Amino acid sequence: MFKGKKIFGLVAILAGSMITPAIAQTPDKGCIVLKSVAETEQAVVNAKGEKSTKLVPLSKVVPGGEVIWTVTANNICKVPSDKVSVDLPVPEHMTYVASSAIGPGADIQFSVDGKTFAAADALTVVENGATRKARAEEYRRVRWTFKNSLAPEAQAFGRFRAVVN
Amino acid sequence: MKSIKQQLRRARLAVVALGLIGATPSAFAAGTDFGTDITNTASVNYSVSGVPQTAINSSPTGNSIPGTPGVPTTFKVDKKIIFVAEETNNAATVTSPGLTQVVTVFRVSNTSNGAQDYGLAADNIQPPAVIFGRTDDFDMSNFTYHISGAACSTATLTTPTFNSEPAVTHIEQLGEDACVYVFVRSDTPVSPTAANGLASTIRLKVTATTDASNGVTAEVETLALDNPAVVDVVFADAGVLNGNTVEDGISLAFDQYLVGTLTVTKTAAVISDGFSAAGQAKAIPGAILEYTITIQNNGLVTSGAALTELVPANTTYVANSTTLNGAAVSDVAGTMPYVSGGAISSPAAAAGVINPGSTAAEKAVVRFRVTIN
C-alpha cells in the first residue's frame with residue numbers, strides 16, 4: 001500500500017514538472033519571496049507636533065474599517081527576475097477604495113472578473129447589454145506589472161486600500 | 001539630494017491625498033458579520049533569463065515555494081456593537097394608586113454586525129432632564145421584562161399591546177438589523193404616595209451582554225491590538241440623548257407613569273335677562289345663568305367619582321334646575337344637590353364611574369341654574 005502511494009505521488013510530481021518544464025531553480029524554491037500583509041493606518045504626531053500616518057498591525061476591524069493590503073516581492077536569486085507581475089485580489093467582504101492602488105515602477109491594472117485586466121480608465125463592464133466604465137467598487141483584483149527587472153536582493157511592492165463591507 | 005527629498009515629499013503627499021479620497025461604501029446597514037474570515041493570497045508571475053517560472057503564492061511571512069497554495073493572509077471581522085433602546089409612544093402610561101403590573105413599552109434595535117444578547121434592567125434612576133414636562137414624584141417597584149410577540153420593524157415605531165408574554169431576564173440573540181418590543185411592568189405605590197396627577201419616571205438600561213450569559217455578563221471592549229484570529233469587540237453605540245454615553249455598550253431609555261387625572265371645566269352662559277332677544281341675554285340682576293361643569297377622565301376608569309360645588313355668591317339657585325348628563329338630579333335640603341357632594345358618572349355608567357375619554361359618551365356633565373341677585 002505505502003509503495004503504491006509513493007509511486008502515485010512521484011507520478012504527480014512528474015506530471016507537474018511536465019506542465020512547467022523550465023524551472024531555473026530547485027523545484028522547492030523560487031526566486032521571489034512573496035509576502036502579503038493586512039495593516040491599518042494610524043495617525044501619529046511627532047515631537048515637533050507634525051502629524052503623519054504610519055502603517056501598524058491591524059487594530060479592530062469592523063464594517064466600514066479600512067485595511068491596507070501590501071504585497072512585497074523580494075528577489076532572492078543571484079540573477080534578476082523579469083516580467084514580474086503580482087496579482088492581489090480584493091478579498092470577499094471588502095470593497096476597493098477608489099484610486100488607492102500604488103506600486104512604484106509598476107503599471108497597475110484592475111479586473112472585475114479575475115480574467116480581463118485593464119487600466120482604471122480602460123476597464124469596462126457590460127451591464128444590461130451596454131458597455132460602461134467599471135466602477136472602483138467593482139474591482140475584484142489588482143495587478144502590478146513591474147516595468148523593470150527585479151534585481152537580486154531588490155524588493156518590489158504594491159499596495160491598495162479596501163474597506164470592510 | 002535635494003531633488004530626491006522633494007520627490008519623497010511629493011510621494012508622501014500623494015499617499016495622504018489617496019487616504020482622503022477613501023470613501024466608505026456600505027452594502028448593508030450592519031455590514032459583514034463578525035467572525036467572518038477575510039482572506040487574501042497574492043500571486044506573482046515572473047521570468048528568469050527569459051524562462052517563465054512557476055507562479056508563487058504569498059504568505060503573511062513570505063513564501064518562495066512555487067506551485068504551492070501559499071498561506072492566505074487572514075483576519076476575522078470584529079464585532080461592532082451598535083444598538084438603541086427607545087420609548088415608543090412619547091407619552092406617559094396611565095396608572096392609578098396601588099395598581100400592579102402596569103405596562104410600559106420600549107423598543108430595542110440591534111444594528112451590530114451580527115446577533116447580540118442584551119441584558120434588561122429597569123430602575124427609578126432619573127434622566128438629566130424631565131420628560132413629558134413632569135417631574136418625578138414617586139418610585140415604581142417590582143420591574144419585570146417581557147418580549148412582545150408583535151412584529152418589530154426598525155423603520156416604524158409602534159406601541160404593541162401586552163399579550164401575557166412571559167417574563168424574561170434578557171433579549172436572547174437579537175438578530176442583525178432586527179428589533180424587539182420590550183414590555184416593562186411595574187407596581188404603583190398606594191395613595192397618597194401615588195395620587196392624582198403625580199408621575200413616576202423610570203429608566204430601562206439595556207446592556208450588550210455576551211452570548212449564553214443570560215444577560216448577566218456585559219460585553220467588554222477589546223482594548224488591546226487586534227487579534228486577527230479572534231472576534232474582538234468594538235462599541236459603536238451612540239449616546240446623544242437621556243444621559244447616554246457614547247460607545248459604552250449601554251443604552252438608556254426613559255418612560256413615565258402618570259396617575260390618572262380628571263380635568264374639570266366650568267362655563268357659564270346667560271339664558272335670559274327678561275328684556276333682550278333670545279341669544280342676546282346680558283348678565284344683569286334678575287338674569288338666569290346656567291353653569292356647565294364638564295369632567296373628563298384622562299386616566300383609568302374611576303370609581304367613587306364625586307363632585308362638590310357651591311352656588312356662587314350673589315346668585316340664587318333656581319330650584320330643581322340641576323342635571324347630570326341631561327337627567328334631572330333632585331335638590332338636597334332645598335338647594336343644589338352637589339353643595340353637599342354627590343356622585344357623578346359618565347352617561348349610562350354606574351354612579352362614581354367615569355370612563356376615560358373625551359367623547360360625550362365618556363364625559364360627565366353637570367348643569368345647574370342661578371339667578372343673579
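Biologist: How many bridges join S8(B) to strand S17 of chain B?

Modeller: Keep in mind that this is a predicted model. S8(B) and S17(B), residues 250-259, run parallel. One place to look is Thr93(B), whose bridge partner in S17(B) is Tyr257(B). As for the bridges joining S8(B) to S17(B), the count is three.

Biologist: And which strands are the edge strands of that sheet in chain B?

Modeller: The sheet is open and mixed in its pairing, with five strands in the order S8-S17-S15-S10-S13 of chain B. From one strand to the next, the twist averages 30 degrees. An edge strand here pairs on one side only, and that applies to S8(B), at 93-95, and S13(B), at 170-174.

Biologist: Now Thr188(B): buried or exposed?

Modeller: Thr188(B) sits in the loop between strands S14 (178-187) and S15 (199-209) of chain B. The cut-off for being buried is 20 or more other C-beta atoms within 10 Å. Thr188(B) has 23 C-beta neighbours inside 10 Å, so this residue counts as buried.

Biologist: How many Å separate the centres of domain 1 and domain 2 of chain B?

Modeller: Domain 1 of chain B covers 80-259, and domain 2 covers 262-372. For a pair of residues, take Thr188(B) and Ser358(B): they are 170 residues apart in sequence and 25 Å apart in space, C-alpha to C-alpha. For the domain centres, taken over C-alpha atoms, the separation is 45 Å.

Biologist: On to the contact with chain A: which element gives the most to the side of chain B that touches chain A?

Modeller: The contact takes 53 residues from chain B and 55 residues from chain A. Elements of chain B giving two or more residues include helix H1 (2-21), strand S1 (37-40) and strand S5 (73-76). On the chain B side, the residues divide into 22 nonpolar, 27 polar and four charged. The element that gives the most, with six residues, is S2(B).

Biologist: Which strand of chain A pairs with S2(B)?

Modeller: One position to check is Ser43(B) in S2(B), which stands opposite Asp87(A). The pairing is antiparallel and runs over five bridges. On the chain A side, the partner covers residues 81-89 and is strand S4 of chain A.

Key. Residues are numbered from 1 along each chain as its sequence is written. Chains are lettered from A and ligands numbered from 1 in the order in which they are written. This is a predicted model: local features need pLDDT of at least 70, side-chain atom pairs count only at pLDDT 80 or more; totals for chains, interfaces and linings use all residues. Two strands pair if DSSP finds at least two bridges between them. Helices (H or I, at least four residues) and strands (E, at least two) are DSSP runs, numbered from the N terminus. Axes are lines fitted to C-alpha atoms, for helices over the stretch in contact, and angles run from 0 to 180 degrees between N-to-C directions. Domain bounds come from an automatic or database domain assignment. Two residues are in contact if their C-beta atoms, placed from the backbone, lie within 7 Å. Ala, Val, Leu, Ile, Met, Phe, Trp, Tyr, Cys and Pro count as nonpolar, Asp, Glu, Lys and Arg as charged, and the others, Gly among them, as polar. A residue is buried if 20 or more other C-beta atoms lie within 10 Å of its own, exposed if 12 or fewer, and partly exposed in between; C-beta atoms are placed from the backbone.
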